[in-house]
Amino acid sequence: MPRINSAAELETLRKDILSRRDPGKPAIAICAGTGCLGLGNDKVISAFQEEIKKRSLEAQIEIRATGCHGFCEKGPNVILYPEEICYLQVTPEDVPEIVSETLLGKKVIDRLIYTDPMTGEKAAHQSEIPFYRNQMRNLISNNTRIDPSSIEDYLAGGGYSALSKALFEMGPKQVLEEIKKANLRGRGGGGFPAGLKWETARNAPGEEKYVIVNAHEGEPGAFMDRALFTGNPHCVLEGLIIGAHAIGSHQGFIYTRHDTPQLKANIDTALAKTREYGFLGKNILGSGFDFDVEVHFDVGIFVSGESSALMRSIEGKNPEPRPKYIRTSVSGIWDKPSNLNNVETWANVPQIISKGAAWYTGIGTERSKGTKLLSLSGNICHTGVVEVPFGTTLREIVYGIGGGIPNGKKLKAVHFGGPMGGSVPESLLDTPLDFDAMSKLGAPIGAGGMLVLDEDTNMVELTRFYLDFLTNESCGKCVPCREGIRQMLKILTKMCEGKGKEGDIELLEEIAEVAGAASLCSLGKTASDPLKGTLRYFREEYEASIKGK
Amino acid sequence: MSEILLQIDGKAVKAKQGMTVLDAARSADIAIPTLCHHEQLEPYGGCRLCTVEIETRGRKRLVAGCLYPVEPDLIVRTRTEKIDSIRKMILELLLAHAPDSPQLQDLAREYRADRDRFEKEASFCVLCGLCIRYCAEIKKKYAVGFINNGARREINFIPEIAAGECWNCKECFPLCPTSYLQAAYHLTEALAFPSLSSRSASKRLVTTTTL
């Protein structure tokens with residue numbers, strides 16, 4: 001494929017791709033996300049390939065190994081197009097029957113479709129399954145329609161038209177204004193307005209500027225960013241290129257994990273394709289704008305996802321955070337202005353540019369716009385990757401989408417934000433998903449890890465677990481974080497063993513206060529947040545572990 | 001270099017662009033305690049004892065004095081109830097590791113820190129990094145470094161470099177606020193560079209032991 005040199009050439013190519021495609025053609029979309037692969041979906045993929053070959057149907061039926069579909073609980077997932085029939089928990093043995101009965105015979109196989117555990121009601125199509133039906137899948141829905149290695153799949157769905165619009169119709173200032181108007185807030189945890197950050201980087205002195213995708217996603221219980229990035233890498237890249245153009249950056253970095261080889265492979269393929277087609281490199285789409293991207297691996301600890309530590313790591317140094325008295329958007333990598341956003345934030349950009357800020361701000365609450373990806377896990381019937389508009393209540397997520405609590409148990413709390421987050425008790429379940437409302441409750445959304453806890457959960461043990469994680473995943477540079485966590489963990493461990501003593505709670509609070517106030521980076525500052533949150537709502541559990549159960 | 005006027009503990013202080021709050025305070029004879037700071041080395045911000053309160057445009061926050069750059073009209077408070085309680089806790093956390101360090105004991109008296117607040121876990125090292133940074137920044141030898149992270153972090157001499165460099169230097173020794181460094185060095189020395197007569201026996205030790 002020769003390079004594309006103008007907006008017109010891009011549209012000609014898109015028409016050409018679409019003209020070669022028949023929307024009515026049967027296609028098998030098999031989830032090759034981490035969860036489904038772990039359940040043996042690679043065998044299902046090869047079984048389909050063999051069966052189609054055996055019946056010489058290669059020309060009539062398309063097989064797509066896709067990114068995560070979302071419904072991890074019921075994997076391996078398979079969706080059959082054009083009808084969008086959703087088969088769950090598919091095994092290689094089911095494959096010949098699916099081909100003969102459904103693909104050729106157009107009959108639905110009853111045992112493979114969704115059955116509501118409460119009502120016994122069946123749902124054959126993706127759009128009818130409550131897990132999917134109650135979501136708003138603006139970002140993640142393309143995962144089932146796209147082969148992550150195919151740039152043509154992305155282009156067929158309108159891909160890179162937002163970039164073309166930003167380059168030729170809007171220009172940097174207008175793009176920046178649009179992002180600000182959309183009130184896109186950072187999805188990595190802070191909820192800081194992305195438009196303001198971009199503007200700071202754009203206005204910062206210096207020619208050399210960097211843009212970065214934070215694809216580290218190191219917290220336990222968070223898996224939405226890798227689902228999105230692995231399944232639809234071009235969407236994130238398109239957002240990044242648009243951002244780079246708006247900020248005036250010619251060099252981007254993707255910071256990702258050394259232990260997610262599939263993500264790295266998909267990013268590498270996507271980068272090679274974007275260079276070949278002229279979406280990256282010199283003179284992008286003939287616009288005169290130059291930009292390229294490098295991929296960096298982490299060094300295997302949680303703190304390397306902290307923005308200043310991440311930048312040190314890209315410089316080739318130890319991932320130790322440094323104080324952000326001067327913002328990284330002014331002085332970041334090699335002291336140059338460096339704009340960092342996480343995967344989901346960048347992925348929101350193309351749709352804002354394509355559909356406009358007015359459309360975008362129609363979704364969500366007053367101060368939290370758009371949708372949010374969540375990793376729903378814990379004591380919940382439907383574990384998976386979920387996307388809902390801001391404003392959705394936690395109750396709707398847990399019961400409407402998550403299917404409630406398994407084994408007839410009662411819900412106790414919902415924990416957001418992993419080891420630096422907080423828990424919301426059952427009594428506050430009607431709280432809407434909103435950056436500010438959740439922060440007020442001491443349970444900021446964080447990156448979107450949503451852990452559901454049933455009545456059997458010991459909240460002291462939960463807190464101990466998170467501090468145990470952090471004690472090994474912090475850098476160890478500053479005293480309040482390193483030593484504070486060490487001592488809090490010791491006290492909590494004793495409490496969990498039933499050896500708590502009078503004064504322990506007060507001592508925990510005192511250490512938490514100092515670690516929160518005096519630590520160097522946000523890891524240390526928020527490491528005691530689960531402790532503070534559980535003390536706020538579940539203090540009696542701490543007291544019980546002192547008096548002896 | 002333009003002159004910057006700020007206020008520390010109610011006193012007007014003149015500072016130069018590029019100075020930190022700690023620099024400015026010390027130039028005006030206002031004491032801020034530090035443990036990991038050394039004038040010849042890059043500011044580190046590890047011990048957090050130099051935590052001070054700053055006020056800009058009516059907003060108060062806590063920052064590390066050794067890192068925060070001076071700015072015009074900055075108001076700095078070096079002793080408040082909150083700051084004292086932070087320093088007290090930091091000292092108590094460190095005294096669990098190095099209870100006999102004279103420097104820590106002096107500060108403990110000033111901030112009423114309880115040497116026995118936390119269970120002793122004597123590692124003697126408080127991980128201030130002075131030896132490591134001195135060796136890297138001034139001597140450019142990198143004979144000592146940090147290994148591991150989080151609560152498992154420790155300092156370690158690299159025998160191959162230490163064998164050639166440390167004998168005639170030892171300039172990091174007096175920097176150590178505890179006496180751990182010397183102990184660690186001598187232990188490394190004992191393991192890595194034994195007398196010729198016992199070389200074969202200790203070779204096994206070198207390959208199986210880490211400090």
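Trainee: Before we dig in, what are the ground rules here?
Mentor: The model is predicted, so local features need pLDDT of at least 70 and side-chain atom pairs count only at pLDDT 80 or more, while totals for chains, interfaces and linings use all residues. Residues are numbered from 1 along each chain as its sequence is written, chains are lettered from A and ligands numbered from 1 in the order in which they are written, and side-chain values use heavy atoms, with hydrogens and water left out.

Trainee: OK, chain B. In what order do the strands of the open sheet come?
Mentor: The order is S2-S1-S5-S3-S4, five strands with mixed pairing. Strands here are DSSP runs (E, at least two residues), as are helices (H or I, at least four), numbered from the N terminus. Two strands pair if DSSP finds at least two bridges between them.

Trainee: Which strands are at the edges?
Mentor: Strand S2 (11-16) and strand S4 (59-64) of chain B, each pairing on one side only. On average, neighbouring strands in this sheet are turned by 35 degrees against each other, direction ignored. Axes are lines fitted to C-alpha atoms, for helices over the stretch in contact, and angles run from 0 to 180 degrees between N-to-C directions.

Trainee: Do S1 and S2 of chain B pair in the parallel or antiparallel sense?
Mentor: Antiparallel: strand S1 (residues 3-8) of chain B and S2(B) share six bridges. In S2(B), B:Lys11 is the bridge partner of B:Ile8.

Trainee: And which strands does helix H2 of chain B lie across?
Mentor: Helix H2 (residues 81-95) of chain B lies across strand S3 (51-56), S4 and strand S5 (75-77) of chain B, and runs at about 150 degrees to S3(B). Contact means heavy atoms within 4.5 Å.

Trainee: Switching to chain A. What's the peptide bond from A:Gly75 to A:Pro76 like?
Mentor: That bond is cis, with omega near -5 degrees. A:Pro76 is in the loop between strand S2 (62-66) and strand S3 (78-81) of chain A.

Trainee: What about A:Tyr81 to A:Pro82?
Mentor: Cis, with omega near 5 degrees. A:Pro82 is in the loop between S3 and strand S4 (85-87) of chain A.

Trainee: What's phi for A:Asp335?
Mentor: Near 60 degrees, a positive value in a residue other than glycine. A:Asp335 sits in the loop between helix H13 (307-314) and strand S10 (338-342) of chain A.

Trainee: Why does A:Asp335 count as exposed?
Mentor: Because its relative accessibility is 51%. Exposed means over 50% relative accessible area, buried under 20%, and partly exposed in between (1.4 Å probe, protein chains only).
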